[in-house]
Amino acid sequence: MGKVITTHLVDGNPRGIRNVFISNKICNMYVIPRQQMSEANANSDIQLEQPAFYILLGGEDFASLPQAYIGQTENFKERVKSHEIKKDFWNTALVFIAKDNSLTRADVQFLEANAIKKAKKVKTYSLTENKNQPTPPNLPPHLRDSAAEFMEDIELLTTFIGCRIFVNDTVKKAHSNDQLFYLQGRGGEAKAIYADGHLTVLAGSIIAPTSTPKFTGKEKRDEMVANLTDEKNGKRILKINLEFSSPSAAAQFVYGNSANGWEKWKNAKGEPLSVLRAKE
């Protein structure tokens, strides 16, 4: 069954403050750029002084996963002041409230605990700022079901705006379309899939253990290799499916050197990924 999602550009700017919600649902998501947080807090139509579940999002580069912090609060307007002082990584806040102000402290604690657990399992974002796994409160069955439904709406709305923190379906889609690509060089031997404009390097791929000395981003890339690979028989083996926003970023991660991923990634026929892009 289809769904209707409404996006209200609060200040008329597509990249500004947005109010996003599903018709006939109470879940309400505000997308607030960090530089407009004061503006959002001063807007009487944006009710942030109530129990809220939120996600702080940071950027990404070729050598690291995008960052996120998942939290809950009884008053986001006050809580975010601390994050503006203590957390540098984030540039956007996703704030989820109930249109009817019906969320309780226990509700948002339930959402936080389940969201952190799922996001860490999916592994599309780095949650290093979430050092602990909170225990969800013991809600009665009817409230637990309501909170679980609210969580489903959160997952839909985050995916709707392109934030894949709770989903990693790229591999499933790509395998069904037989879009496998391969790359070798500098001790790396990787397999990946390309779908929905993203390239995902598959777990089990061999990653070049070091970066070339003059490679831009060498420190971040080597740190990522250390954290996301295991050493087996002198080789670095990728532990997870790792998604990149561009084929070149993925190739550079595998090689530890500059590379044009559109030409380096090739299918079983030896055709570069650029051929697929031309067809699309």
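Me: Buried means under 20% relative accessible area. In this predicted model, how many of the residues of helix H7 are buried?
Reply: Helix H7 spans residues 247-255 and is mostly covered. Its buried residues include Pro-247, Ser-248, Gln-252 and Tyr-255. The count of buried residues in H7 is nine of nine.

Me: Which residue just after H7 takes a positive phi?
Reply: The positive phi in question is about 75°. The residue that takes it, just after H7, is Gly-256.

Me: Are H6 and H7 roughly parallel or roughly perpendicular to each other?
Reply: The axes of helix H6 (residues 218-228) and H7 come within 10 Å and cross at roughly 70°. Angles from 65 to 115 degrees count as roughly perpendicular. Therefore H6 and H7 are, relative to each other, roughly perpendicular.

Me: How many nonpolar residues does the contact of H6 with H7 have?
Reply: From H6, the contact takes Arg-221, Met-224 and Val-225, and from H7 it takes Gln-252, Phe-253, Val-254 and Tyr-255. By class, one residue is polar and one is charged. The number of nonpolar residues is five.

Me: Which residue in E2 is the bridge partner of Thr-6?
Reply: Strands of a sheet pair through backbone hydrogen bonds. E1 and E2 (residues 18-22) run antiparallel and are joined by five bridges. The partner of Thr-6 in E2 is Phe-21.

Me: Which residue in E6 stands opposite Pro-33?
Reply: E3 and E6 run antiparallel, with seven bridges joining them. E4 and E6 also pair in the antiparallel sense, over six bridges. In E6, Leu-57 stands opposite Thr-92. The residue opposite Pro-33 is Thr-92.

Me: How many of the nine residues of E6 are buried?
Reply: E6 is largely enclosed by the rest of the structure, because its buried residues number eight.

Me: Is H3 roughly parallel or oblique to H4?
Reply: Two packed helices are described by the angle between their axes and the distance between the axes. The axes of H3 and H4 come within 10 Å and cross at roughly 50°. Angles under 35 degrees count as roughly parallel and 65 to 115 as roughly perpendicular. That makes H3, relative to H4, oblique.

Me: How many charged residues are in the contact of H3 with H4?
Reply: The crossing of these helices, H3 and H4, is right-handed. On the H3 side stand Phe-110, Leu-111, Ala-115 and Lys-118, which meet H4 residues including Arg-144, Phe-150, Ile-154 and Glu-155. Eight of the contact residues are nonpolar and none is polar. The number of charged residues is three.

Me: Is Phe-160 buried or partly exposed?
Reply: Phe-160 is found in helix H4. Leaving aside its neighbours within four places in sequence, Phe-160 is in contact with Ile-5, Thr-7 and Val-20. Its relative accessibility is 44%, and that value makes Phe-160 count as partly exposed.

Me: How far apart in space are Phe-160 and His-83, C-alpha to C-alpha?
Reply: In sequence, Phe-160 and His-83 are 77 residues apart. In space, C-alpha to C-alpha, the distance is 25 Å.

Me: Asn-233 has a positive phi although it is not a glycine. What is its relative accessible area?
Reply: The phi of Asn-233 is about 55°. Asn-233 is found in the loop between strand E11 (229-232) and strand E12 (235-238). Exposed means over 50%. Asn-233 is exposed, and its relative accessible area is 81%.

Me: Is Asn-101 buried or partly exposed?
Reply: Asn-101 also has a positive phi of about 55°. Its place is in the loop between E6 and H3. With a relative accessible area of 44%, Asn-101 is partly exposed.

Conventions. Residues numbered from 1 in each chain as written. Predicted model: local features only at pLDDT ≥ 70, side-chain atom pairs only at ≥ 80, totals over all residues. Heavy atoms only, no water. Pairing = 2+ DSSP bridges. Helix = DSSP H or I, 4+ residues; strand = E, 2+ residues; numbered from the N terminus. Axes fitted to C-alpha atoms, helices over the stretch in contact; angles between N-to-C directions. Parallel < 35°, antiparallel > 145°, perpendicular 65-115°, else oblique. Left-handed = near helix turned anticlockwise from the far one by under 90°. Contact = heavy atoms within 4.5 Å. Nonpolar A, V, L, I, M, F, W, Y, C, P; charged D, E, K, R; others polar. Buried < 20%, exposed > 50% of the residue type's maximum accessible area, 1.4 Å probe, protein only.
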